[in-house]
Amino acid sequence: MKNGKAAGPCQIPIELLQTLGNWGIDQLTKILNRIYDTGNIPKDMLISTFITLQKKPGATEYENHRTISLMSHTLKLLLRILLTRIRSKIKPEISETQLGFVANKGTTNAIFTMMMLMERCIETQKDLYLCFIDYSKAFYKVRHEELFHILDSLDIDGKDLRILKTNSYS
């Protein structure tokens with residue numbers, strides 16, 4: 001994990017965990033394995049502090065802010081492990097046209113591709129029809145039960161799903 005990141009509510013910076021060396025890695029491994037085996041994340045690890053940051057100086061509207069969540073670095077490690085395990089299972093299910101949240105397929109790449117396509121259409125005097133869809137609220141309308149059913153059908157490990165299910169509504 002990167003140095004200089006803000007500590008979460010537990011006030012333990014990542015640099016402190018790094019100074020513990022191999023002994024610290026062993027202790028964190030034991031803690032995370034216990035959480036993984038039982039499926040129970042301690043409540044104090046689930047506490048997050050949400051902070052809004054202005055996108056532009058003097059912003060007053062909600063749309064001109066972004067929200068970040070400060071959480072325990074130990075929880076971040078656990079979530080990164082789960083994400084890595086789940087990503088390997090769902091990668092074959094992701095369409096080649098999927099952009100964002102996929103390595104080497106960010107929105108910058110999509111914008112560049114669209115610009116190239118528009119330039120080519122102008123050069124060849126061809127019509128180009130585009131349709132833009134606003135998905136800004138999509139993440140607020142996730143149907144968790146359906147999502148878990150889909151993950152289960154993709155053969156995601158039961159322990160991974162249990163941790164996600166148990167703690168998704170906390």
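Biologist: Let's start with Asp160: leaving aside its neighbours within four places in sequence, which residues is Asp160 in contact with?
Modeller: Asp160 contacts Tyr36, Leu82, Arg85 and Ile86, with neighbours up to four places away in sequence left out. Contact here means heavy atoms within 4.5 Å.

Biologist: Before we go on, what am I looking at?
Modeller: It's a predicted model, where local features need pLDDT of at least 70 and side-chain atom pairs count only at pLDDT 80 or more, while totals for chains, interfaces and linings use all residues. Residues are numbered from 1 along each chain as its sequence is written, and side-chain values use heavy atoms, with hydrogens and water left out.

Biologist: OK, back to Asp160. Where is Asp160 found?
Modeller: Asp160 belongs to helix H6, residues 158-167. Helices (H or I, at least four residues) and strands (E, at least two) are DSSP runs, numbered from the N terminus.

Biologist: And is Asp160 buried or exposed?
Modeller: Asp160 counts as buried because its relative accessible area is 2%. The cut-offs are under 20% for buried, over 50% for exposed, and partly exposed in between, using a 1.4 Å probe and protein chains only.

Biologist: Which side chain does Asp160 have a polar contact with?
Modeller: The side chain of Tyr36, at 2.7 Å. A polar contact is a pair of N or O atoms within 3.5 Å; within protein, one must be able to donate a hydrogen and the other to accept it, and residues adjacent in sequence count only if both atoms are side-chain atoms.

Biologist: What about Arg85, which side chain does Arg85 make a polar contact with?
Modeller: Tyr36 again: the side chains of Arg85 and Tyr36 make a polar contact of 2.9 Å. Arg85 is in helix H3, residues 73-90, and is partly exposed because its relative accessibility is 35%.

Biologist: Which residues does Arg85 contact, skipping neighbours within four places in sequence?
Modeller: Tyr36, Asp157 and Asp160.

Biologist: How does the chain's radius of gyration sit against that of a compact globule?
Modeller: The chain has 21 Å, whereas a compact globule of 170 residues would be near 15 Å. That radius is taken over C-alpha atoms, and the globule rule is 2.2 Å times the number of residues to the power 0.38. The C-alpha atoms fill a box of roughly 65 × 45 × 30 Å along the principal axes.

Biologist: What share of the residues is buried?
Modeller: Buried residues are 21% of the 170 in the chain. Leu32, in helix H2 (residues 21-38), is buried because its relative accessible area is 10%.

Biologist: Who does Leu32 touch, not counting residues up to four places away in sequence?
Modeller: Thr74, Leu77, Leu78 and Ile81. By contrast, the C-alpha atoms of Leu32 and Thr108 are separated by 36 Å.

Biologist: Now the strands. Which strand is Thr52 found in?
Modeller: Strand S1, residues 49-54. Once neighbours within four places in sequence are set aside, Thr52 contacts His65, Arg66 and Thr67.

Biologist: And where is Asn64 placed?
Modeller: Asn64 is in the loop between S1 and strand S2 (65-70). With residues up to four places away in sequence not counted, Asn64 touches Leu53, Gln54, Lys55, Lys56 and Ala59.

Biologist: Why does Asn64 count as buried?
Modeller: Because Asn64 has 17% relative accessibility.

Biologist: Last topic, backbone angles. What is phi of Gln11 near?
Modeller: Phi of Gln11 is near 65 degrees, a positive value in a residue other than glycine. Most residues other than glycine have a negative phi. Gln11 sits in the segment before helix H1 (14-19) and counts as exposed because its relative accessible area is 57%.

Biologist: What about phi of Asp155?
Modeller: Asp155 isn't a glycine, yet has a positive phi of about 65 degrees. Asp155 lies in the loop between helix H5 (144-153) and H6, and counts as exposed because its relative accessibility is 56%.
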